[in-house]
Every structure is written in structure tokens, then in C-alpha cells.
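Subject: Structure handover

Hello,

Here is the structure we talked about. My notes on its salt bridges follow below.

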Amino acid sequence: MGCSGCRVRFNFGKLLSRVSVFFTMVLIFTYLFYCLTGLCDSAPRTFYRPQTAVRDCGILDLRQAPGVVPDARQNGTASADARQADARTQPPQDGEQARGGSNIPVSNTFGTKRFPQAIIIGVKKGGTRALLEFLRIHPDVRAFGAEPHFFDRFYDKGLEWYRNLMPRTLDGQITMEKTPSYFVTKEAPSRICTMNCQTKLIVVVRDPVTRAVSDYTQTLSKNPGLPSFQNLALKNSTGLIDTTWSAVRIGLYGKHLENWLQYFPLSHFLFVSGERLVSDPAGEMGRVQDFLGLKRVVSDKHFYFNQTKGFPCLKKPEGSSRPRCLGKSKGRPHPQIPSEVLQRLRDFYRPFNHHFYQMSGQDFGWD
């Protein structure tokens, strides 16, 4: 009888051991399954610190943001479309933008997707990429890295498609994007207002003559057979400035602003000087952070001037072996343009510049 009891206890012990092993294996396989499917990635991670450079960030107070999307994986089709759109609309960027990578270990399923509360709407070759990169240093800014071109090219895809492109944000962070062609697109103001008429709008402007030459230089790098700058800027028959050429037309800032003021008050705009963004990046970034209601985190300590490129770069972020500058497509040497052609352009733009100064309430000193 005693031995029988011993055997019962022995068998019960073996059964308990097997059950323990079974449940342990179930837990291990469940964990592996969740990790392989990416679901275990929803745990919070360590976020960026102010002195660390950020590659995938965005803008505005989420507590005031319209339309929050529940935690769901980003629509794959939308991402592919955005990548295709960006590939068609801007030259490849070297560094992290081209790789689409990020230096910060932020989970892609943590937080919520919101419409941008601030958009950099212009202007092309004004310094919009530099502004976005500088803003990404701020821990409360999250931005879509590519140019989505939603309000000028892909509006038919719908607002939900657009919102799914945006990065996830936490409370206290703001979401933004930049597409410089919005400023010169007639339909863009009404479309953005349909999304949210409280959207904050940032316009980076630059001397329109220098901007036109920079625009031409970029196009020439892609199309070496392009006619000369003067042949495109001047009408053959009269020698007058050809305002149908986009490189000239974009610089009529006041004309474009009139269209925007039909939908947004002037108080919703911040006009950033492209020149001061180069000569005093910390000072201009202070204005931008104030406009967005952000604490002044981006300061002098984040910048150094790159003599080779001729514009400021971000100092070496933590964990990186080198500082971060904009891509090789930025800071190209400009072709030689006859001085008389440049002077004619300056004379042409002068009254338009003064009109823009009056409208914006800022004298940018281009004359």
C-alpha cells in the first residue's frame, strides 16, 4: 500500500513536470509568433533627446488635432504611392532620407496618426528641406519625410489616404509635412482649408532672382541639354521677362499669397527668410518654434557652418561618427549668368517684392 502511494506521488510529479514544460513551450512559441509578426513592437521605446538628430519627425499640438486614427498598421498601398510620388517630384537625397531610415528606435505602431497641424507650403529652392531637417531635431516634432504632394497631385486619393501617410505621434507632439509646390497651386488653399482651416502655414522665401537661378541649376543637372538661363528667362521677340517660365513665376510671391489669403488669415502664416536660415539658423528657428507653440529646443549649439557647402549643417548627433549636412544636391555651384540678365530680373521683381513686403509685414531686403 505504501509503495502504491509512492508510485502515485511519483507519477503525479512527472505529470506536473510535463505540464510545466508544455506551458513553457506554449509561451515561448507565442512570444516568437508575436515578434515575427511585429506585434511585440508596440511596447514604448526610448525616445529621442534634444541633442540627438532625428530623421523621422513631425509638428503640432495633438490635443487640438482633428481626426485621430486608431492604432492600425499604415496602409501599404499608400506608402508605396507616396514613395513613387516623391521619386517623380524631387531628386534623390543622399544620407538617411534616401535610405528612408531613422536614427531613433521609435516603434512604428506606437501613438496615433493625425492630419498635419502645420505644413511647409513653399517655396521651391527656398530652403524648405533645410527647415524640415532643422525642425526634426525637436523632440515634439514628427514629420513625413518625403513630399506627399497630396493637395496638388494626389488629392483624389482622399483624406484618409493622406492621414495614413503621416507618422504616429504622442500627446504633446505635432505632425507636419512639406511640399513646396503647394504655394503655387491654385487649388491647394481651399483643399487644405477643407481638411482644417486652422492649419499653420510656413513659407520659406528667398531672393527671387537667386531662387530662379537655383531652380534652373537643379533642372540643368537633370537635363544638360537645357537652353541657357537667359534664353528661358527672356522672350525672344521682345526681350521682356517671360513670366510663363516656372522659375520666374514662382518668385511672384505676392501674387501667390493673394490666393491663400482668400482662405487663411495672415496670422496663420509664418514667412521664413531663406537667407537668414543660412546666416542665422538658430535665430530663424527660434521664430519657427515660437510660431508653432514649441519650447525653444533648437539653438546655436546644434549648428556649425560648412564652408565647403556654404550653409549650416547639424553638429554630430549622439551615436554618429560624423555631422549631418544636406545631400549633395544642395549647395550646387550656379552657372555663370550675364550680369545684365540678372539686373533685368532684379528690376522686374522690385515692385513685386515691395508688394510682398507690404502684404507679409516683413522687409526681406532683396533690393
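Helices here are DSSP runs of H or I with at least four residues, numbered from the N terminus. The model is a predicted one.

Helix H7 covers residues 208-222 and contains Gln 218. Gln 218 has a relative accessibility of 8%, so this residue counts as buried, the limit being under 20%.

Three of them are described here.

Lys 124 and Asp 215: the side chains form a salt bridge, with 3.2 Å from N to O. Lys 124 sits in the loop between strand E2 (118-122) and helix H4 (128-135), and Asp 215 is in helix H7, so the pair ties together parts that are 91 residues apart in sequence. Lys 124 is partly exposed at 31% relative accessible area, whereas Asp 215 is buried at 3%. Both belong to a network of salt bridges that also includes Arg 211.

Asp 207 and Arg 346: the closest N and O atoms of this salt bridge are 3.1 Å apart. The pair links distant parts of the chain, 139 residues apart, with Asp 207 in the loop between strand E6 (200-205) and H7 and Arg 346 in helix H13 (residues 339-360). Asp 207 is buried at 10% relative accessibility; Arg 346 is partly exposed at 30%.

Arg 287 and Glu 284: this salt bridge has an N to O distance of 2.8 Å. Both residues lie in helix H12 (residues 281-291), three residues apart, or about one turn of the helix. Arg 287 is partly exposed at 26%, and Glu 284 is buried at 3%.

Regards

Key:
Residues numbered from 1 in each chain as written. Predicted model: local features only at pLDDT ≥ 70, side-chain atom pairs only at ≥ 80, totals over all residues. Heavy atoms only, no water. Helix = DSSP H or I, 4+ residues; strand = E, 2+ residues; numbered from the N terminus. Buried < 20%, exposed > 50% of the residue type's maximum accessible area, 1.4 Å probe, protein only. Salt bridge = Lys/Arg side-chain N within 4 Å of Asp/Glu carboxyl O.
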